[in-house]
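Hi everyone, thanks for making time for this one. Let me put the sequence and the model up on the screen, and then we can walk through them together.

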Amino acid sequence: MKSGYVMVDCTGFDFSNVGKVDGIYNKMLSAYDSGKFVLCEHMKNGSAKFTPIPAFLATAKSGSTNYVVLTVMNIAYNITSDDNISTDVPNARNSKK
């Protein structure tokens, strides 16, 4: 692991209504590729806002679909290359892009 951390701007990520967040896949993939500790900022749950949240990232593949698996607060979310977020998470394995 490299020292330091990376902050990921997660504006538009709402725990109460996960869906599409433009650009989130590439942001998370870049954070994963950095090999650094990840903090997600600008996440919310309805009207409740959070301070930066530590996150775990992994990559996964199911069929021909690549995912970044984002785990925050013990909940895993998959993020597809078309920026869709769901809680239907495939088995994480390092499949790298």
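Here is a question to start with: what share of the contacts in the chain with a separation of 6 or more comes from residues 24 or more positions apart? The figure is 57%, where a contact means heavy atoms within 4.5 Å.

Some ground rules before the tour. This is a predicted model, in which local features need pLDDT of at least 70 and side-chain atom pairs count only at pLDDT 80 or more, while totals for chains, interfaces and linings use all residues. Residues are numbered from 1 along each chain as its sequence is written, and side-chain values use heavy atoms, with hydrogens and water left out.

So, the overall layout. The chain has one helix and eight strands; these are DSSP runs, with helices being H or I of at least four residues and strands E of at least two, numbered from the N terminus. Going along the sequence, you read β-α-β-β-β-β-β-β-β. The chain has 97 residues, and 35% of them count as buried; buried means under 20% relative accessible area, exposed means over 50%, and partly exposed is in between, with a 1.4 Å probe and protein chains only.

Six strands make an open sheet with mixed pairing, in the order S1-S2-S5-S6-S7-S8; two strands pair if DSSP finds at least two bridges between them. S1 and strand S8 (85–86) are at the edges with a single partner strand each, so one side of each has no neighbour in the sheet.

Let's step through some of the pairings. S5 and S6 are antiparallel, with seven bridges, and Thr59 sits opposite Val68 in S6. Their hairpin has two residues between the strands, and Gly63 there takes a positive phi near 65°. S6 itself is mostly covered, as six of its eight residues are buried. Moving on, S6 and S7 also run antiparallel, joined by six bridges, and Leu70 has Tyr77 in S7 as its bridge partner. Then S7 meets S8, again antiparallel, through two bridges, with Asn78 partnered by Ser86 in S8.

Which residue in the hairpin of S6 and S7 takes a positive phi? That is Met73, with phi near 50° and two residues between the strands of the hairpin. Met73 is not a glycine, and at 47% relative accessibility it counts as partly exposed. His42 is another non-glycine with a positive phi, near 70°. You will find His42 in the loop between strand S2 (37–41) and strand S3 (44–45), partly exposed with a relative accessible area of 47%.

On to the helix. H1 lies across S1, S2, S5, S6, S7 and S8, running at about 175° to S1; axes are lines fitted to C-alpha atoms, for helices over the stretch in contact, and angles run from 0 to 180 degrees between N-to-C directions. Have a look at Ser34, which belongs to helix H1 and is buried at 18% relative accessible area. Its side chain reaches the backbone nitrogen of Lys36 at 3.2 Å. Leaving aside neighbours within four places in sequence, Ser34 is in contact with Lys2 and Val6.

Phe13 and Phe15 have ring centres 5.1 Å apart and planes at 65°, so they are edge-to-face. Phe15 and Phe50 are edge-to-face too, because their planes stand at 85°, with the centres 5.6 Å apart. Phe15 is in the loop between strand S1 (5–9) and helix H1 (24–34), and Phe50 is in the loop between strand S4 (48–49) and strand S5 (53–62), so this pair ties together parts that are 35 residues apart in sequence.

Technical notes
Phe/Tyr/Trp six-rings, centres within 6.5 Å; stacked < 30°, edge-to-face > 60°. Polar contact = N/O pair within 3.5 Å; in protein donor to acceptor, adjacent residues only side chain to side chain.
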